[in-house]
Amino acid sequence: MNILTLETTCDETAAAVVTERLEVRASVVASQDALHRRFGGVVPEIASRAHLERILPVIDETLRKAGVGLDQIDAVAVANTPGLAGSLLVGLSAAKALCLARQIPLVAVNHLQAHIYACRLAADREVFPCVGLIVSGGHSSLYRCPGPLDFELLGATIDDAAGEAFDKVAAMLGLPYPGGPSIERAAAGGNPRAYALPRAFLRDPRLDFSFSGLKTAVRYAIAGPGRPDPAQVRLTGQQIADLAASFQEAVADCLVAKAFAALEQTGMRTLCVGGGVAANGRIRQRLGEEAQRLGVDLHIAPPRLCTDNAVMGAIAVERLKAGCVEELDLDVFPGVVRSASQPVGAKKFS
Ligand code: KG4
Ligand code: ZN
């Protein structure tokens, strides 16, 4: 069985062909980084228009790479929640058109569950039940995941997502978008203890994050209140490296503290980590050290499966196994689902 999976939740237009045995036949990701770079972040209208231009070429290339024709696709899976409304609509409309034309089942994918499922794919063995930590440009959330399709939100950022903070701090330091990889590169030559930056909620039992104060602290470290705009300040290479390293370490401290607190509070022993920020080498190292110290079974998606891709849409296999397919009136749901035993819009397949 071949499943075509589509991903257009944010600014990557991606498609993959996966099988019911979770084999990946092809994967294509068309990044829009170059389009959003000059704005320092994703512009939703530009993202949805770019998806529209790219979705068919991306699907064509994926099928070509997989060596299968459309007539050999048995189901189409698409991420319909959460994400940017206009972007989600492009993927969903393409998926519906293919399903209608070919009379094949439509499968809904929850993008956040898919990020956690990337760990299941990489591990090539069962990883559930687990605590799922998703750290991306739009989300910083902890979930209790009894199974691949069951989840309950334990905590989330109350303001900026971790990736958003990486992107905004990078802009302040004059580093290119996307900010995560730029900060990671700059931090390699920096001292993580050079600047004393805040770590929000560390002594709070709630499993929430806050990165906006950290972002503001970096701004004030560059140029204090009443002083010039950070963009006008010329930082030395060493100052940039030290600020990048200090910021990265503060984010790592918060993620490590809350992820392991979530394990303790839920009594779970497995941690799965996904999302673009999980590609960060220092954060991976810190999570790894803590997992080893506490004997936790840690799965971090490999970097290519951390940032948005359609391979993780293979979670559709679990949905199909559960007998769930969608009607063609399925809608997008841009907001975050707090808890579910099935993704949004699920209807039992009879
Ligand atoms: O998961 P993703 O591709 O898209 C969303 O669903 O948001 O995550 C993108 C985010 C961006 O904010 C980017 O700066 C961040 O992930 N990111 C990183 C790294 N690579 C990407 N953050 C820290 N370190 C990295 N190496
Ligand atoms: Zn994502």
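Two residues are in contact when they have heavy atoms within 4.5 Å of each other. Keep that idea in mind as you look through these views of a predicted model.

**Figure 1. Contacts across the sequence of the protein chain.** Let's start with residues at least 6 apart in sequence: of the contacts between them, 71% join residues at least 24 apart. The secondary structure behind this picture comes to 11 helices and 13 strands.

**Figure 2. The overall dimensions of the protein chain.** Along its principal axes, the C-alpha trace spans about 60 × 45 × 30 Å. How does the radius of gyration of the protein chain fit that of a compact globule? A compact globule with 350 residues would have a value near 20 Å, and the protein chain has 20 Å, so the two agree.

**Figure 3. Inside and surface of the protein chain.** Here you can look for buried residues, which make up 55% of the 350 in the protein chain. The accessible surface comes to about 14600 Å², and carbon and sulfur atoms account for 51% of that area.

**Figure 4. Helix α8 packing with helix α9.** Zoom in on α8 (residues 237–266) and α9 (residues 281–294), whose axes are 9 Å apart and form an angle of about 35°. The crossing in which α8 passes α9 is right-handed.

**Figure 5. The residues where α8 and α9 meet.** On the α8 side, you will find Q248, E249, V251, A252, D253, L255, V256 and F260. Their partners in α9 are R282, I283, R286, L287, E290, A291 and L294. Sorted by class, this contact has 9 nonpolar, 5 charged and 1 polar residues.

Definitions and conventions. Residues numbered from 1 in each chain as written. Chains lettered and ligands numbered in written order. Predicted model: local features only at pLDDT ≥ 70, side-chain atom pairs only at ≥ 80, totals over all residues. Heavy atoms only, no water. Axes fitted to C-alpha atoms, helices over the stretch in contact; angles between N-to-C directions. Helix = DSSP H or I, 4+ residues; strand = E, 2+ residues; numbered from the N terminus. Left-handed = near helix turned anticlockwise from the far one by under 90°. Nonpolar A, V, L, I, M, F, W, Y, C, P; charged D, E, K, R; others polar. Rg over C-alpha atoms; globule rule 2.2 N^0.38 Å. Buried < 20%, exposed > 50% of the residue type's maximum accessible area, 1.4 Å probe, protein only. Areas by Shrake-Rupley, 256 points an atom, 1.4 Å probe, with all protein chains shown as cover.
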